[in-house]
Amino acid sequence: MLARVLSAAVNGIEAFPVEVEVNSGWGDTIVVIVGLPDAAVKESRDRVSTALTNSGFKFPMGRSTINLAPADVKKEGPSFDLPIAVGMLAASDQLQADQLDNFIMVGELALTGAVRPVKGVLSIAWRARAEGRAGLLVPVENAAEAAVVEGLQVIPVRDLREAVAFLEGEIKIDPAKVDLHKIFEHSYTEENDMAEVKGQESVKRALEIAAAGGHNVLLIGPPGTGKSMLAKRLTTILPPLTLEEALETTKIHSIVGLLKPGQALVTRRPFRTPHHTASDAGLLGGNANPTPGEISLAHHGVLFLDELPEFKRAVLETMRQPLEEGHVTISRAAGTMTFPAQFMLVAAMNPTPDGKMPGESRSSPREIQNYLGRISGPLLDRIDLHVEVPQVKFQEISAERTGEDSATIRERVVDARKIQQERFANKKAITCNARMGPRELKSYCALDESTKELLKFAMADLNLSARAYDRILKVARTIADLGGSEKIASDHISEAIQYRSLDRQLWT
């Protein structure tokens, strides 16, 4: 007898439908799985056979052929265990269900018959709704994640027997529901706070500008000045995630398997800190079957690269395209995959190999040149703000007075972002000043004659590139937005220029 069960699989960050066709026939008792299954899918025949027996069902005698269609796309992971088991029961007349075509189902089976969570359920839920299916059968741990997709019945099941009983109509399982408004009702009181950082007011100002405009930042200073401490608190002054941003971020984290059991959404901006030994595949994503890397996991959040010169230069150079375009494209023999990667890059480094400023360093000029030369000029040009982080004075460390807390700074950042949202209301691809293109720069960054002369002098004096010119305009636009100014004034340009001068002092 032939049975068909609907399932889905993930390719990149999107899901596609998979039909699990099971045919039970005569011959020796054997299970054959076709349709480009990987090792984990092939092993499902052993898990399914044991789970069926331990759940009180009879294992079908004779030859069982299982086809995963479409047959020309590779199937990965253990998420087909549940639909294969249900299909084998239906093909052997142990399951009488008229609604198999109404539900998509995914889940890994334990040997006891329990249903374990799988990756990528949010993407599968979106696909199930797009396919017009009535519902989705998922493990209990994945139910909250899938339930954020409105207009879809999400049926949580604990084990194989419960899934069969539901499909036969013997029991009723209430669909999982989540309250999106309640999920987003959170505070930042448990996080690190900018008020904990003593001194470094100029650096805090630079981070506020970066947060307001979505700009990339390079922090340069000796060890122990608080570069990592400041970077870790940047997410506390960024605007809260919108629902659309949270869904995009959750989809990526779900595919990689970073969601906690029962977690519905990623509601706080990601902060990723890869080690300097990370490969290009680990940073950008890749391997034989491409999966999102660190820069995609930092989508709508912050990617922090500590000790920037310690990263392999070839790895850093691969980031140039994602920094410009907001996505990363990975090409393999099997095809091309594109992952979103709109993140803020925050990098930290020492000015010399021994950590001291060039005039105080014991390193030779050649050693310093080789150290700084690990970072290319094109990559530096893509970082909007270059900020010196000086040693903190004793009076500032010992003072009881603290600076502004994250909530106060975040209010100003949110106000500046609102101005940008209104400015780019008709441009969906542009969400902040850092994403402006040449046309937007011409429209929203017009300068008067005196301001043009100031910028012209800085370009010649600092030997800045055309890309650095654009970065200065974008940062100046953000500074003006923070000050509530419609026009870019000379003081806005002056402050933006100072964030480009430090790297020229070091690299020349």
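Reader: At 30% relative accessibility, what does arginine 467 count as?

Author: This is a predicted model, where local features need pLDDT of at least 70 and side-chain atom pairs count only at pLDDT 80 or more, while totals for chains, interfaces and linings use all residues. Residues are numbered from 1 along each chain as its sequence is written, and side-chain values use heavy atoms, with hydrogens and water left out. A residue is buried under 20% relative accessible area, exposed over 50%, and partly exposed in between (1.4 Å probe, protein chains only). Arginine 467 has 30%, so it counts as partly exposed.

Reader: Which residue meets arginine 467 in a salt bridge of 3.6 Å, N to O?

Author: A salt bridge is a side-chain nitrogen of Lys or Arg within 4 Å of a carboxyl oxygen of Asp or Glu. The side chain that meets arginine 467 at 3.6 Å, N to O, is that of glutamate 324.

Reader: How many residues apart are glutamate 324 and arginine 467?

Author: Helices (H or I, at least four residues) and strands (E, at least two) are DSSP runs, numbered from the N terminus. Glutamate 324 is in helix 14 (residues 320-325) and arginine 467 in helix 21 (residues 466-482). The pair links distant parts of the chain, and the separation is 143 residues.

Reader: Which residues are linked with Glu324 and Arg467 in a network of salt bridges?

Author: Glu324 and Arg467 are part of a network of salt bridges.

Reader: Are aspartate 81 and arginine 47 buried or exposed?

Author: The side chains of aspartate 81 and arginine 47 meet in a salt bridge (2.7 Å, N to O). Aspartate 81 lies in helix 3 and arginine 47 in helix 2, so the pair ties together parts 34 residues apart in sequence. Both residues are buried.

Reader: Which helices do the buried residues of helix 2 pack against?

Author: In helix 2 (residues 44-54), the buried residues are Ser44, Arg47, Val48, Ser49, Ala51 and Leu52. Contact means heavy atoms within 4.5 Å. These buried residues pack against strand 3 (30-34) and strand 6 (108-109), and also against helix 1 (39-42), helix 3 (81-91) and helix 6 (160-167).

Reader: What is the relative accessible area of glutamate 440?

Author: Lysine 427 forms a salt bridge with glutamate 440, with the closest N and O atoms 3.5 Å apart. Lysine 427 lies in the loop between helix 18 (406-423) and helix 19 (438-444) and glutamate 440 in helix 19, so the pair ties together parts 13 residues apart in sequence. Lysine 427 counts as partly exposed at 28% relative accessibility. Glutamate 440 is buried, with a relative accessible area of 10%.

Reader: How many disulfides does a search of the whole structure find?

Author: A disulfide is a pair of cysteine sulfur atoms within 2.5 Å. The sulfur of cysteine 445 is 13 Å from the closest cysteine sulfur, in cysteine 432, which is too far for a bond. Cysteine 432 is buried at 7%, and cysteine 445 is buried at 4%. Over the whole structure, the number of disulfides found is zero.

Reader: What percentage of the 508 residues of the protein count as buried?

Author: The secondary structure comes to 22 helices and 18 strands. The C-alpha trace spans about 85 × 50 × 45 Å along its principal axes. Of the 508 residues, the share that counts as buried is 52%.
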